[in-house]
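Subject: Model for your records, with notes

Dear colleague,

Below is the structure I said I would pass on, and my notes on it follow. Please read them alongside the coordinates.

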Amino acid sequence: MTAKTSSTNGNTPTSRRPRIVILLAILVGVAAATAVLAGLLVNIFQRKQEAKNPYLRFVDVTADTTDPAEWGKNWPRQYDGYLRTALPTRTEYGGGAPSEGILPPEKAEKTPWLTRMFAGYAFAIDYRDRRGHAFMLTDQESTKRTKERKQPGSCLHCHASIIPLYRQTGAEIAPSAPPAEQLQKGFEAIGKLDYWEANAKLEKSGHKHPVACVDCHDPKSMQLRVTRPGFINGIKALKAHEGIADYDPNRDATRQEMRSFVCGQCHVEYYCGPKTTLFYPWMNGLKVEEIESTYDNYKFEDGHRFYDWKHAETGAEVLKAQHPEFEVWNQGTHGKAGVACADCHMPYMREGALKVSDHWVRSPLTNVNRACQQCHHYPEQDIIKRVVTIQDRHFALLTRAGSALVDMLDAIKVAKAANATDAQLAPVLEMQRKAQWRLDFVAAENSMGFHAPQELARILGESIDMSRQAQLAAVMLRGTLAQAAPAK
Amino acid sequence: MVFPFSRKALLVAAVGLGVLLGLGLFTFIYAEGFSYFTTDPKACANCHIMNPEYDSWVKSSHHIVAGCVDCHLPHALVPKLVAKAVNGYHHSKGFTFQDFHEPVMIKPHNSRILQEACLGCHGGLVHDLVAGSTTDANAVTCVHCHSSVGHGPVR
């Protein structure tokens, strides 16, 4: 069209070309500018939408929706992070699974005294380093502790998304009871079953998943809430000890407290059965000797004092500690400052215009920038060095306590072989119980000392002292027996 | 001189440019472009990146005496406009292409502006403490210790 009009103006064909070129250039330029602007507009629109709709409910989730994939349709960002807990991670002291699908190494490879400490208990035959949340159920099913030893159904309290099954079972047992009572009844009934029987029941109910969204989130409001009966009973007993009657974390806890309580549902010390229903020993407080006094004062139904198993080498009635991360964090500087588990293990991050908490729960050492440097403004290498220094010192002290324990066991075995009587051995074995409880409490805790370095060093100091006291008593007993024996 | 284009061609070009201008203006208004000519801290949270900073500023000790620009921009007119333009460019580019470091961190240049802003108000009180050290990259800045006076880490 342009060419036609210009030719009627009587211009020569040679001067027409630059005009067309200029016009084309303008056309292309304006088109490109418009395209860029439209792209920018769409981008701004998209960011505004992200900020306006933190999530869309494509599917309805209820308190019975245990399948994380269903929740993932509404909250894909959090679900993505959750799925990443299947990825192997490794720090100086934690993890160690070389790749997906391969089990991490036995802990006894690094700390061989564990096998001596657990003599006669299932942990002596299989006790591996950790993997991510995604594996909590399959790892429990594949360990020799459940395959070769009889275990109670209460193990599933923390290794599966089991609350709907508790409710369902409770409703069958007591159809007219209030919901909280039904939950408790279901919890007690499933806990009493054999592990594999409970596992089959869980599979049949369709709720066989590792820890799932519904375990920590209210399906209506997405607010944090606790669901595990063990924790609800435990924290109620702890608060009653502190003078607060009828404590209900879902009603009385602050949001920041809940960001630790949801983790404390499982990362705690507990008695799992089978001699009584699973409980958290917090009636006298959370410190190692407070928990010990709870156990020492606890009587089973048959009237016998509480113990986990009889030590195979010495016959002492000893205690087994589980991973007391929640209790130890409570004694540490981060816990005292009100820093929650989620602040370091699930720090906030941003995707587009959205602020989301990282549901790839893992060691802060693999995520220093978000986990530590929000508060500690030092170079990443300095921070890692500081943590590893704490952990190296802790590991050295832990190893020393392990050697003391082994020396004690050897000395007691010698005294026993010299025909020491039960009455003579009783105070020695009592000391073994104390020393071993302290060492196990520290060794089972997952942070290699970091959650509360000074408190854990104090406990290890006590353990070393007690092991050596027991060793000394056993050696003296052996000497007394040798003198009393007729000379040959 | 003969004007090189016909009326029809100019009309087409004008329509095209008009569409571009209109689209541009709409985008500018839709993106709340005019808010960036104000000192309202809400404008700094337009893109939502600064939501945590804005939320904690609301609760901070400084929110009744200082907004974002009081600490993050120079107080003299020309350096202020230059800093605003440079930051505006980087922020727009970063948010559009999502290619910035997470979590966001202050750059050395902006850190200096911040330190000078602290001294702008508190200089008389602390001049013995910070004499001559504010431009050194390794100098201890006020916010090194007073990290939550403006906006702290949010939980």
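Lys185(A) counts as buried because 20 other C-beta atoms lie within 10 Å; the classes are buried for 20 or more other C-beta atoms within 10 Å of a residue's own, exposed for 12 or fewer, and partly exposed in between, with C-beta atoms placed from the backbone.

A word on conventions and confidence. This is a predicted model, in which local features need pLDDT of at least 70 and side-chain atom pairs count only at pLDDT 80 or more, while totals for chains, interfaces and linings use all residues. Residues are numbered from 1 along each chain as its sequence is written, and chains are lettered from A and ligands numbered from 1 in the order in which they are written. The mean pLDDT (the predictor's confidence in each residue, from 0 to 100) of chain A is 91, and 95% of the residues score at least 70. Within chain A, confidence is highest in helix H16 (residues 325–331), at a mean of 98, and lowest in helix H1 (residues 2–8), at 44. Over residues 1–11 of chain A the pLDDT stays under 50, and the model has 16 contacts beyond four places in sequence for that stretch.

Turning to the interface, 31 residues of chain A are in contact with 27 residues of chain B. On the chain A side, the elements that give two or more residues are H1, helix H2 (13–52), strand S3 (348–351) and helix H19 (368–371), and H2(A) provides the largest share, 14 residues. By class, this side of chain A has 15 nonpolar, 10 polar and 6 charged residues, where Ala, Val, Leu, Ile, Met, Phe, Trp, Tyr, Cys and Pro count as nonpolar, Asp, Glu, Lys and Arg as charged, and the others, Gly among them, as polar.

Next, the helix packing. Helix H20 (residues 380–417) and helix H21 (residues 422–444) of chain A pack at an angle of about 155° with their axes 11 Å apart; axes are lines fitted to C-alpha atoms, for helices over the stretch in contact, and angles run from 0 to 180 degrees between N-to-C directions. H20(A) and H21(A) are therefore roughly antiparallel, given that angles under 35 degrees count as roughly parallel, over 145 as roughly antiparallel, 65 to 115 as roughly perpendicular and the rest as oblique. Their crossing is left-handed, which is to say that the near helix is turned anticlockwise from the far one by less than a right angle (clockwise would be right-handed). Among the residues that meet are Leu398(A) and Leu405(A) in H20(A) and Leu425(A) and Val428(A) in H21(A), and the contact as a whole divides into 12 nonpolar, 3 polar and 1 charged.

H21(A) also packs against helix H22 (residues 453–484) of chain A, at about 155° with the axes 8 Å apart, which makes H21(A) roughly antiparallel to H22(A). The crossing of H21(A) and H22(A) is left-handed, and the residues of this contact comprise 15 nonpolar, 5 polar and 3 charged.

By contrast, the axes of helix H9 (residues 163–173) and helix H11 (residues 195–205) of chain A come within 10 Å and cross at roughly 95°, so that H9(A) is roughly perpendicular to H11(A). Here Pro164(A), Leu165(A) and Gln168(A) of H9(A) meet Lys201(A), Leu202(A) and Ser205(A) of H11(A).

Finally, some backbone details. Gly273(A) and Pro274(A) are joined by a cis peptide bond with omega about 10°, and Pro274(A) sits in the loop between helix H14 (255–264) and helix H15 (288–296) of chain A. Asp246(A), a residue other than glycine, has a positive phi near 55°, and is exposed, with 9 other C-beta atoms within 10 Å.

With best wishes

Technical notes
Helices (H or I, at least four residues) and strands (E, at least two) are DSSP runs, numbered from the N terminus. Two residues are in contact if their C-beta atoms, placed from the backbone, lie within 7 Å.
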